[in-house]
Amino acid sequence: MASISGAAAAPSSAACRLRLRRHILLRPSHLRLRAPHSIADLSRSSSSSSSAPTRAQPLGSRPENGGGVRAVEKDPIKLWERYVEWLYQHKELGLFVDVSRMGFTEDFLRQMEPRMQRAFAAMRELEKGAIANPDEARMVGHYWLRDPALAPNSFLRSKIETTLDRILAFSQDVVSGKIQSPSGRFTSILSIGIGGSALGPQFVAEALAPDNPPLKIRFIDNTDPAGIDHQIAQLGPELATTLVIVISKSGGTPETRNGLLEVQKAFRDAGLQFSKQGVAITQENSLLDNTARIEGWLARFPMFDWVGGRTSEMSAVGLLPAALQVNAFPFFLYVDFIHTLSN
Ligand SMILES: O=P(O)(O)OC[C@H]1O[C@H](O)[C@H](O)[C@@H](O)[C@@H]1O
């Protein structure tokens with residue numbers, strides 16, 4: 001990730017989007033996601049075949065798979081040659097993949113090439129919006145979230161970008177105090193959601209949030225009544241300045257609803273108005289979405305049907321909690337980093 005030294009004022013969401021776009025435009029073509037011409041392109045870092053060092057001979061080939069497997073090379077010189085020939089490097093990310101100690105042969109790569117080409121063809125179809133979930137007639141497009149330009153049409157692209165803009169604007173307004181609870185600036189976040197609607201935000205909070213985030217986050221991620229009571233008790237009077245984010249793709253998960261009902265009761269008991277502090281992240285017109293709309297919650301953000309719960313980290317599910325835990329500039333770098341990583 002680029003250095004954040006010299007960071008000045010938080011950029012506007014438009015500036016963030018602009019930089020995201022510029023990043024897409026300026027990205028060197030060799031870094032673009034593409035199907036390699038040959039599977040060997042995947043692993044070879046450099047060197048033409050004519051200048052390639054002599055490769056170790058297969059040591060332990062298995063006749064049943066045509067000799068594609070070999071024992072791991074032990075000779076240090078040959079191992080070094082194998083390392084030099086096959087090291088994959090992505091300079092921009094500082095990512096290196098060393099496959100030299102894996103027991104494969106050239107033959108293995110030749111055998112796999114038709115299968116890989118079929119996989120790349122299937123991926124191309126998927127990326128163009130093919131229905132990959134026939135039971136529910138849904139596309140599978142979570143990777144469009146990381147690069148909206150990949151979305152199969154302008155409608156979807158604009159939905160992704162608009163949502164990203166709204167997340168940035170809302171989180172900046174909450175962190176700066178422009179949007180407040182009736183009792184003052186928001187000081188913490190309570191996330192209610194389970195499974196795919198909790199794991200990504202928990203991981204990011206654990207891995208990336210600063211030691212003293214603008215808003216500290218807590219999670220209710222199961223229906224254990226003692227656990228729910230514990231989180232509410234830990235907040236104590238801070239409930240009055242807690243932003244409650246209710247996350248559910250389907251909007252009807254009973255565990256999440258139980259958590260919501262318990263928290264709403266705690267608000268009532270404390271004489272607080274939940275709607276002034278509640279945010280919903282869910283599919284449009286779900287039970288949760290309709291509840292939030294009818295009760296007039298502070299905000300609603302969409303979850304798309306073409307994003308699986310377990311791959312929703314770069315949707316509002318993951319980005320809103322992340323944006324609220326860091327100030328806007330590092331959040332932008334986070335989006336930028338994920339974008340680079342995915343390409
Ligand atoms: O996001 P929701 O619709 O509330 O679903 C939340 C979770 O519910 C269950 O635990 C499913 O097994 C998970 O795959 C899903 O992520």
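Start at Thr253: an N or O atom of the Thr253 side chain sits 2.5 Å from an oxygen atom of the ligand. That pair qualifies as a polar contact, defined as N or O atoms within 3.5 Å; within protein, one atom must be able to donate a hydrogen and the other to accept it, and residues adjacent in sequence count only through two side-chain atoms. The model is predicted: local features need pLDDT of at least 70, side-chain atom pairs need 80 or more, and totals for chains, interfaces and linings use all residues. Numbering runs from 1 along each chain as its sequence is written, and side-chain values use heavy atoms, without hydrogens and water.

Next, select Ser250. An N or O atom of the Ser250 side chain is 2.7 Å from a ligand oxygen. Then show the backbone of Gly196, where a polar atom lies 2.8 Å from an oxygen of the ligand. Of the ligand's own 380 Å² of accessible area (Shrake-Rupley, 1.4 Å probe), the protein covers 59%.

Ile194, Gly195, Gly196, Ser197, Ser248, Lys249, Ser250 and Thr253 surround the ligand. Colour them by class: one is nonpolar, six are polar and one is charged. Gly counts as polar here, and Lys as charged.

Zoom out to the domains. An automatic or database assignment gives domain 1 as 76-143 and domain 2 as 153-342. Their C-alpha centres are 34 Å apart.

Select the interface. Seven residues of domain 1 contact ten of domain 2, with heavy atoms within 4.5 Å. About 750 Å² is buried between the domains, 63% of it from carbon and sulfur atoms; this is the accessible area (1.4 Å probe) lost on being put together, summed over both parts. On the domain 1 side, pick Leu93, Arg138 and His142: they lose the most area to domain 2, together 62% of what that side buries.

Last, look for polar links between the domains. Two residue pairs are in polar contact, both at pLDDT 80 or more.

Conventions. A residue is near a molecule or strand if one of its heavy atoms lies within 4 Å of it. Buried area is the accessible area (1.4 Å probe) that two parts lose on being put together, summed over both.
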